[in-house]
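Me: Could you walk me through this one slowly? I have just opened it and would like to go piece by piece.

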Amino acid sequence: MKTTNTRRQFFKLAFGALAIAPFVRVAEVFAAAAMPKSEAIKSKMINDKTAKRLKYVADAAEAKKLNASGDKNYKKFKEGSNCANCKFYKADKGEPEWGKCTMAANRYVAGAGWCKSYREK
Ligand code: SF4
């Protein structure tokens, strides 16, 4: 009786692990996509202090939500605006989804990001 329970528990765990394995892989892929590939960019990414001052968010969709919620730091947000079409952004040649922002002391920001100093190109 005890052996059956143990065997049943083993199979439950084994099949459970197999069932979630593809989702873990998908999560890893998304996490990798959200980070720059090169160490040079990672080491020069916008830091917390600068990000805080600018109210930077790595995804403009977040700025849109904050704007809709009435957060005054995001009142200037306009649909379609993001770092990639900001005049302070200079896309990296190797990884164009990341770029240097002169407003953030040439730190790297995500092209999909946004901050309150946004200026249209
Ligand atoms: S100034 Fe422009 S490029 Fe820099 S973080 Fe703000 S929106 Fe992005």
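Reply: Helices and strands here are DSSP runs, numbered from the N terminus, where a helix (H or I) has at least four residues and a strand (E) has at least two. Please keep in mind that this is a predicted model, in which local features need pLDDT of at least 70 and side-chain atom pairs count only at pLDDT 80 or more, while totals for chains, interfaces and linings use all residues. Residues are numbered from 1 along each chain as its sequence is written.

Me: OK, and how many bridges join β1 to β2?

Reply: There are three bridges between β1 and β2, and the two strands run antiparallel; two strands count as paired if DSSP finds at least two bridges between them. Within this pairing, Y89 stands opposite C101 in β2.

Me: Where is Y89, and is it buried or exposed?

Reply: Y89 is in strand β1, which covers residues 89-91. Y89 is buried because 23 other C-beta atoms lie within 10 Å, and the rule is that a residue is buried with 20 or more other C-beta atoms within 10 Å of its own, exposed with 12 or fewer, and partly exposed in between, with C-beta atoms placed from the backbone.

Me: What does Y89 touch?

Reply: Leaving out residues up to four places away in sequence, Y89 touches C83, A84, G99 and C101, where contact means that the two C-beta atoms, placed from the backbone, lie within 7 Å. Y89 and V109 are 20 residues apart in sequence, and their C-alpha atoms are 8.3 Å apart in space.

Me: What about the next hairpin?

Reply: β2 and β3 form a hairpin with five residues between them, and A105 in the turn has a positive phi of about 55°. Four bridges join strand β2 (residues 98-101) to β3, and these strands run antiparallel. Along this pairing, C101 stands opposite R107 in β3, and G99 stands opposite V109 in β3.

Me: So what is the order of the strands in the sheet?

Reply: The order is β1-β2-β3, in an open sheet of three strands with antiparallel pairing. The edge strands are β1 and β3 (107-110), since each pairs on one side only.

Me: Changing topic: which strand is W98 in, and what is it in contact with?

Reply: W98 is in strand β2. Apart from its neighbours within four places in sequence, W98 is in contact with P36, I41, D92, Y108, A110 and G111. W98 and A110 are 12 residues apart in sequence, with 4.7 Å from C-alpha to C-alpha. W98 counts as buried because it has 25 C-beta neighbours inside 10 Å.

Me: Which residues touch the most other members in the largest nonpolar core?

Reply: They are Y56, A63, C83, C101, A104, V109 and W114, in a core of 21 residues. A nonpolar core is a set of buried Ala, Val, Leu, Ile, Met, Phe, Trp, Tyr and Cys residues joined through C-beta atoms within 7 Å. The largest share of this core, three residues, comes from β3. In soluble globular proteins, nonpolar side chains tend to be buried together.

Me: And which residues come nearest to the ligand?

Reply: Of the 15 residues around the ligand, C83, C86, C101, M103 and C115 come nearest; a residue is near if its C-beta atom, placed from the backbone, lies within 6 Å.

Me: Last one, how many helices and strands are there?

Reply: The protein has four helices and three strands, and from the N terminus on the elements run α-α-α-α-β-β-β.
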